[in-house]
Every structure is written in structure tokens, then in C-alpha cells.
Amino acid sequence: MSLGLVSYGTRHVQALLASLGRLARNPFATLLTLLVIALALVVPLGLELFVTNARIATGGFANAVDLSVYLKTDVALAKAEQLAKSARARPGIARVELISADAALAEFRAYSGFGAALGVLSANPLPHVLHVHPTADAESAESLEALRRYFVAWPEVDVVQIDAQWVMRFNAILEVLRRLLIIAAAILGAGVIAVIGNTIRLEILNRRGEIEVTKIVGGSNSFVRRPFLYAGILYGGGGALLAWAIAAGAITVLAPPVATLARSYGSHYALVGPTAQELLILIASGVILGWLGAWLSATKHLRSIEPRA
Amino acid sequence: MIVFDRVSKRYANGREGLSNASLRVEEGEMVFLTGRSGAGKSTVLKLIALLERPTRGVVIVGGKKTGSLASRHIPAFRRRIGIVFQDHKLLPERPVFDNVALPLVVAGTPLKEIDKRVRAALDQVGLLGRERALPLELSVGEQQRVGIARAVVSKPPLLIADEPTGNLDPDLAVEVMRLFKRFQEVGVTIVVATHDVHLVRELGLREIVLDHGHVQGADKEDPLPGMVATR
């Protein structure tokens, strides 16, 4: 490594340590700034976690877009099997389950609690049913509608029921939330830039004398700016870590009641926190926003400070 | 080392700091700028250090025309000039060591080298051992010497001082001037602005007299003795 590079690195380390020291000397002011940044960052993080958790919690259902094809009661089982077979051959269909009238009745007897009452029936009133699962690429509303019309056209079919409406609605809600997340991230990101820019501006005004002297002894603009950029990076990164801590705290508080709620639905679902990737994005966003806010502010305000001996 | 060729400086508020002034300082010379306050002494120093740019005329420092120097080259240019101020412009919340080290830190000097040179500079001004003191814990004379140590720590070929003895009693003033003389003896060019004519005559060095922004005396190399006497 060349000597120039070493001294370049040295200067950066010095600037970083100086900025860190300055933040540490004003713990209360620093904490307030970090808190504002953290609050701005925790909102998009929280939305992201909410969307992720909602997806996981409903994971079993979210993909359960299917059609129930009820055949007419007079259709024989052999005919139903044949229909199921031809349905399987159609493109856009992943799986077809045939639930025979007998199987359906047995299940109904077992789970409905009407077992004894059903014994009175002389004949099975239930029809054979085909459970049709479309392929993943055929889950759109249009494809499902096309499938429904395809089955309705069969003379043996009585009713076709799409069990997907609420799933599609749910997915649409998640999509709205995801867009909201992007908007919130953009607005609050601008807020972070403004907060850090303003903090750096005050800092520059406070240290006007020092900046003037530094320029008199030959400090370049980039030298003078460097500690402020590091301060911005520390504010942004620190705010991101604090946002993570807030989110982790919120998850800790929410986890037991959510688990209780999930158990009441017979699920083993547990809240998930941010993944390593989400954390990385969070911290990188904080650092980049902090740097940007500091850069904008320092570049603008340092230019106006020229030594007047 | 320094050439002013018909230099005028008009400030934004309309005040004429310097009018058509020509002067020359040779390399290795120690020169005094004298005159009443407001005569243009500080303006000359500001133009030398590029704290101001001339309105008209040419200023050459170390062979470089300052008028055509791009802003981005100013920091490197200033690193070759040590500046001492009347109010010494020390950073009050930083210890003596940090204050003196600033020009070296700015220039990216390695830490070990900084340590060595700051001690050497403090030794030269007689303040070795006070590295950790804050400027306000020092006497006025000591503060001024810290300012001088900061000006010479990077061994600049040119040292300029604006009323360096303005706040000092006569004994301390003489001491500071002797300190400058010692730097001159090792080859540093020195320009000192002062209104303390007695001190100047005592040292018997060349003097450039300014009056209302004009350089007095046709022969700059040998200013008229009579001009010195008028205070």
C-alpha cells in the first residue's frame, strides 16, 4: 500500500473517530436525533414486517385458489371419474381431486355432529364433487372465470363455485399495503434527509470558527466536509439500528398474544422479525440517507464559510 | 518571494483597503508592514494569504500569481504560508497539541510525524510540556506562542503575522519578535504587520510604511527614515 493511501485512510479514520467523539459528547441531542430518524425508518420497516407476517400467517390459504365443481346427483361415479380424468388433461389445471358422494357423506357424518340424524336418510343426497386446483400461472381472475365457464358448459355439472374470491381480495390488500410501504419509505426517507441535513447545518454553524481556522491553515473543502459526512452516516446508521431495536421490541411484545390467537385457530404460526437481508437494507438505507443529507447540507453551508481574517 | 504590482483592493462595502500599491519582499527576508490602523497592513496580509483577492493589479507569492489560482488550489497554497493572528485564532475547546497539529492533520501527515513535529514546534516557542493544556488555561503571551507554533509546525517557507504583539506587554513583544528573527535565520521569509514602531526600530529591519492604502516612499528598498518617525 502506498504512503498516500495510508495517510488517506488515516485521515478518514481520524474524521470518523472525531465525529463519533463529538456525537458521544452530546448524548442527549444525539439520542433525540437518532430517535427521530429511527421513528421515520421504523414505519416502513413495520409495514414490511406486517406484510411479511400476513403472508406467512395465511400462507396455507393464500395459494388455495380452487374451484369446487358440483356434479348433478344423478351422475354415476364412473362418469365422475372420467370427467376428472379429462379435466386433468386440460392446460391450466394442476390437480383434480374427486370427492365421491359416499366419501363426502362419511366425512360429513364424522365431522358435522349430525351423524345419528343422517342415519335416517334412505339415500345419499350429496353429489360427487371435483376439487380443481389451477396451476400457479392460471390463478388470475380471468383464468379462473374461463375455467368456471369451461366446467359450467358440461351437461353433468350442476354448480361451479370459486373459493378464491377472498384470497384474491386478501392478496390485493397486501399489494395495496406494499405500495403504501413504498410511498411511506419515500416520504420518510426524504424526512430523514431533511432531519440529518438540518442537524448537520446547525453543527456547521456551531463550529464556524473551527472551520474558518481549518481553512486558513490549508484545509480543503473535502477535508472540512469529511467529519460532517461521517456524522451523517453515523446518524443514519445509528437511527437504523435503533429502528431495528424498536421493531424487535414491538415483536417481543406482540409475539405471545399472536401465538395465543394462532393457537386458537389451530396454527403453530409465530411472528417473524426482519430477515438478515431486510436488516441489511434497513441499515444501508439509513447510512445512504444520512450521507446524502449530510452531503447536501455540508456542501451548501460550507461554501458560505470562507475565512475572513 | 512576494511581489505586489500596482495592487488595489476595494471591499464590498466600498472601502479602499489598498490603492495602487507596489512592494516586494525577497526570499529569506524579514520585513515589517507599519502604518496606522486602517492603513492597509491587514489587507496586504490577506492578499498574500489569499483570504482576499485583489480588485486590480497582480500579487505574486512564491512565484505564483494568486489572481489566477483556482479555488481548489487555494488550500495547498495556504499550506505553504504560516499565519499568526493578533487574536491568535486558537480553537478554545481543543488542547494545545491539537491546535498546533491542525496544519499537519489537514495536510495528511502521518500520526507519528505529527507527534514529533508538534513537540519540536512547541519546543521552539518554549511551551514543551503544555500539550494537554487548553488555550484558555494559558497566559496571553503563551497563547500567542501557541499560535506561532501552529504557524511554523509545517515548516512553511513564508510566515505572515498580523499585529502579533498587539495584546502583549513590551517584554513579551520583544520576545515574540526575537522568536520570529530566529525563524528568519533558518531561511523563513517573514512579513509582520505592526503599529509598534519602537519595536521595529529596535530590531533594525526593513519596513514598508502604509498610509491610507498607499505605500509610502518611492524607493521601496530603502524607505525614507522620515516616514518612520511620523506615527
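Guide: pLDDT is the predictor's confidence in each residue, from 0 to 100. The model shown here is predicted.

Visitor: Which element of chain A has the lowest mean pLDDT?

Guide: Chain A as a whole has a mean pLDDT of 85, and 93% of its residues reach 70 or more. Among its elements, helix 11 (residues 276–303) of chain A has the highest mean, 93. The lowest mean, 56, belongs to helix 3 (residues 59–62) of chain A.

Visitor: How are helix 8 of chain A and helix 10 of chain A oriented to each other?

Guide: Helix 8 (residues 165–206) and helix 10 (residues 221–264) of chain A have axes 10 Å apart and pack at an angle of about 140°. Angles over 145 degrees would count as roughly antiparallel. The two helices of chain A, helix 8 and helix 10, are therefore oblique.

Visitor: How many charged residues does the contact of helix 8 of chain A with helix 10 of chain A have?

Guide: Helix 8 of chain A brings residues including A:Glu203 and A:Ile204, and helix 10 of chain A brings residues including A:Phe228 and A:Gly232. By class, this contact has seven nonpolar and three polar residues, and the number of charged ones is one.

Visitor: Which helix of chain A gives the largest share of the side that touches chain B?

Guide: The contact takes 17 residues from chain A and 19 from chain B. On the side of chain A, the elements giving two or more residues are helix 9 (208–216) and helix 1 (3–25). The largest share, five residues, comes from helix 1 of chain A.

How values were computed: Residues are numbered from 1 along each chain as its sequence is written. Chains are lettered from A and ligands numbered from 1 in the order in which they are written. This is a predicted model: local features need pLDDT of at least 70, side-chain atom pairs count only at pLDDT 80 or more; totals for chains, interfaces and linings use all residues. Two residues are in contact if their C-beta atoms, placed from the backbone, lie within 7 Å. Helices (H or I, at least four residues) and strands (E, at least two) are DSSP runs, numbered from the N terminus. Axes are lines fitted to C-alpha atoms, for helices over the stretch in contact, and angles run from 0 to 180 degrees between N-to-C directions. Angles under 35 degrees count as roughly parallel, over 145 as roughly antiparallel, 65 to 115 as roughly perpendicular and the rest as oblique. Ala, Val, Leu, Ile, Met, Phe, Trp, Tyr, Cys and Pro count as nonpolar, Asp, Glu, Lys and Arg as charged, and the others, Gly among them, as polar.
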